[in-house]
Amino acid sequence: MVETRYVEIPPPAGPLYLARPHFVGIYGTGMSALASLLAGRGAQVSGSDVNTGAAAAQLEAAGCRVRRGHDAVNIAGASVVVWSSVIDAANPEIVAARAAGVAVAHRSHVLAQLVAAADRSVVVSGTHGKSTATAMLAAALGHLNPSWAAGAAPVGSVNGRAGSGLLIAEGDESDRSVALYGPDVAVVLNADDDHPETFSCTADVVGTLTDFAVRARTLVACADDAGAREVVGRVLGHGGTEVVTFGESVGATVRLLSTAATVAGGSTVTVLDPRGVRVSWTVCSPGRPAVLASLAAYAAGRVLGEAPQVLAAGLSGFAGVRRRMQLLGAVEGVRVVDSFAHHPAAIVADIAAARELTGGRVLVAFEPCGATRVQVLGARMGAALAAADEVVLLPVRDAVPSAAGAVSGQGIEHAAVSAGVRVHAVGGLDQAAGVLAVLARPGDVVLTMGVGEVAGLGALLLEPSARPLAAV
């Protein structure tokens with residue numbers, strides 16, 4: 001979850017009865033994954049949301065009953081009412097549940113209970129790349145039919161499902177709830193200064209991820225990331241948790257030896273296994289973040305005792321994650337790629353990944369998210385966007401109320417222009433599509449980037465009914 005706010009998460013009064021859960025805001029990425037998983041285990045799942053989400057078909061297929069809008073009548077028969085950090089305490093379904101004596105639980109408490117009850121469990125955390133690494137691990141261990149829940153869906157699949165007693169889940173740090181989980185294997189991909197509405201600095205994030213990691217039997221962490229290395233140091237000082245590292249750094253337990261570009265735009269990855277064996281697999285998505293996510297999945301799979309070649313085969317067959325450097329299509333020699341990047345570090349990484357796809361230019365359409373985030377990180381966002389050749393800047397999206405109030409993208413624009421890139425500020429998706437149609441030429445990559453409505457920009461650029469790029 002990206003758009004959030006600081007919330008107090010009170011502990012539940014006792015074990016949650018999950019036979020008839022009701023999810024308030026069920027189309028949210030984390031909520032829909034849990035709803036699908038529970039429905040697959042036989043629970044009678046209901047939910048409500050103000051909008052129709054991308055997970056609507058998935059939830060309907062799973063047998064979930066979803067109602068449009070929030071109303072007290074929606075919780076009738078629920079054994080527990082589940083909320084997330086974007087749901088206000090004054091929501092009528094939350095109020096009605098408390099008045100009726102129905103248990104009310106944050107989504108993290110549901111996941112924590114599932115993790116505790118699993119035969120074996122892996123929880124993947126970190127500021128960037130959690131969804132990709134979680135889905136990759138589920139694919140690598142597909143032969144075990146794991147249960148899993150992620151914040152984004154693999155291409156052509158869903159973001160959560162019920163399976164065996166092995167549970168693989170994404171742990172969200174944005175509201176500190178990741179520290180509630182006590183898995184067998186904790187994965188820490190990185191630790192950065194994200195979620196300023198909750199954390200004061202990188203050290204604050206590191207502290208929360210350390211609280212999470214020390215609860216696990218084994219920590220799998222990136223040796224190439226400064227924040228993850230700090231978590232490793234603190235965990236080793238605490239004692240009681242085995243540490244396995246991955247990355248290019250000398251001394252990493254699973255060491256990256258080489259990457260080679262594939263014709264399709266991904267990478268062939270070769271690592272040195274802890275037992276001294278060289279193992280290779282293919283990553284379909286471009287960029288170093290995808291490579292490191294695959295290393296994390298491989299390392300976690302090895303901790304669970306799976307064979308190197310079995311893991312490599314599972315990873316090679318993975319088709320990528322929606323909105324994580326996903327190639328949407330091409331028109332007249334212009335490729336359109338969709339990115340979820342919203343933090344300065346992720347923006348830089350995904351623009352670099354886009355350059356691996358072309359000898360031409362990279363044109364970025366960016367939608368900033370969250371008033372507090374933009375207020376604190378806006379200048380760094382602008383500087384990061386300067387790695388592109390042209391930037392189309394959409395208005396700030398702020399779906400969750402913030403103490404920062406209304407914030408414009410002018411700071412981002414100023415920083416980007418000061419760093420040497422031309423910025424085209426637009427008022428919405430239609431205008432952005434028109435500007436890109438004028439700018440793009442054969443050989444370019446258009447990178448749609450952000451967490452909000454920009455996800456629909458690719459369709460405007462590529463669908464036959466519109467196709468502004470066809471005029472290139």
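The side chains of Arg288 and Glu248 meet in a salt bridge, at 3.2 Å from N to O. A salt bridge here is a side-chain nitrogen of Lys or Arg within 4 Å of a carboxyl oxygen of Asp or Glu. The pair links distant parts of the chain: Arg288 is in helix 8, while Glu248 is in the loop between strand 12 (242-247) and strand 13 (254-261), 40 residues apart. Helices (DSSP H or I, at least four residues) and strands (DSSP E, at least two) are runs numbered from the N terminus.

This is a predicted model, in which local features need pLDDT of at least 70 and side-chain atom pairs count only at pLDDT 80 or more, while totals for chains, interfaces and linings use all residues. Residues are numbered from 1 along each chain as its sequence is written, and side-chain values use heavy atoms, with hydrogens and water left out.

**Salt bridges**

- The structure holds 13 salt bridges.
- Arg288 is partly exposed, with a relative accessible area of 38%. Glu248 is partly exposed too, at 44%. The classes are buried (under 20% relative accessible area), exposed (over 50%) and partly exposed in between, with a 1.4 Å probe and protein chains only.
- Arg288 and Glu248 also belong to a network of salt bridges that includes Asp224.
- Asp273 forms a salt bridge with Arg302, and their closest N and O atoms are 2.8 Å apart. Asp273 lies in the loop between strand 14 (267-272) and strand 15, and Arg302 lies in helix 8, so the pair ties together parts that are 29 residues apart in sequence. Asp273 and Arg302 are both buried.
- Arg234 and Glu230 meet through their side chains in a salt bridge of 3.1 Å, N to O. Both sit in helix 7 (residues 226-238); because they are 4 residues apart, about one helical turn separates them. Arg234 counts as partly exposed at 35% relative accessibility. Glu230 is partly exposed at 38%.

**Aromatic rings**

- The structure holds 1 aromatic pair. Trp281 and Tyr298 form this pair, which is stacked, with 4.9 Å centre to centre and 25° between the planes.
- Rings of Phe, Tyr and Trp (its six-membered ring) pair if their centres lie within 6.5 Å; planes under 30 degrees apart count as stacked, over 60 as edge-to-face and the rest as tilted.
- Trp281 is in strand 15 (residues 278-283) and Tyr298 in helix 8 (residues 288-303), so this pair links distant parts of the chain, 17 residues apart. Both residues are buried.
- The charged end of Arg324 sits over the ring of Phe340, 3.9 Å from its centre. The criterion is NZ of Lys or CZ of Arg within 6 Å of the ring centre and within 35 degrees of the ring normal.

**Val271**

- Val271 is found in strand 14. At 0% relative accessibility, Val271 counts as buried.
- Its C-alpha atom is 4.4 Å from that of Leu256, 15 residues away along the chain.
- Leaving out residues up to four places away in sequence, Val271 touches Val254, Arg255, Leu256, Leu257, Val277, Arg278, Val279, Trp281, Leu295 and Tyr298. Contact means heavy atoms within 4.5 Å.

- An open sheet of 5 strands has the order 3-2-1-4-5 and parallel pairing. Two strands pair if DSSP finds at least two bridges between them.
- Strand 3 (65-68) and strand 5 (103-106) stand at the edges; each has a single partner strand, so one side of each is left without a neighbour in the sheet.
- On average, neighbouring strands of this sheet are turned by 20° against each other, direction ignored. Axes are lines fitted to C-alpha atoms, for helices over the stretch in contact; angles run from 0 to 180 degrees between N-to-C directions.
- Strand 1 (residues 21-24) pairs with strand 2 (residues 46-49) in the parallel sense over 3 bridges. His22 stands opposite Ser46 in strand 2.
- Helix 1 (residues 29-40) packs on the sheet and touches strand 1 and strand 4 (80-83). Its direction makes about 165° with that of strand 1.
- Helix 4 (residues 107-117) lies across strand 4 and strand 5, at about 85° to strand 5.

**Gln58**

- Gln58 has its place in helix 2 (residues 56-61). Gln58 counts as buried, at 15% relative accessibility.
- Beyond its neighbours within four places in sequence, Gln58 is in contact with Ser32, Ser36, Val158, Asn159 and Gly160.
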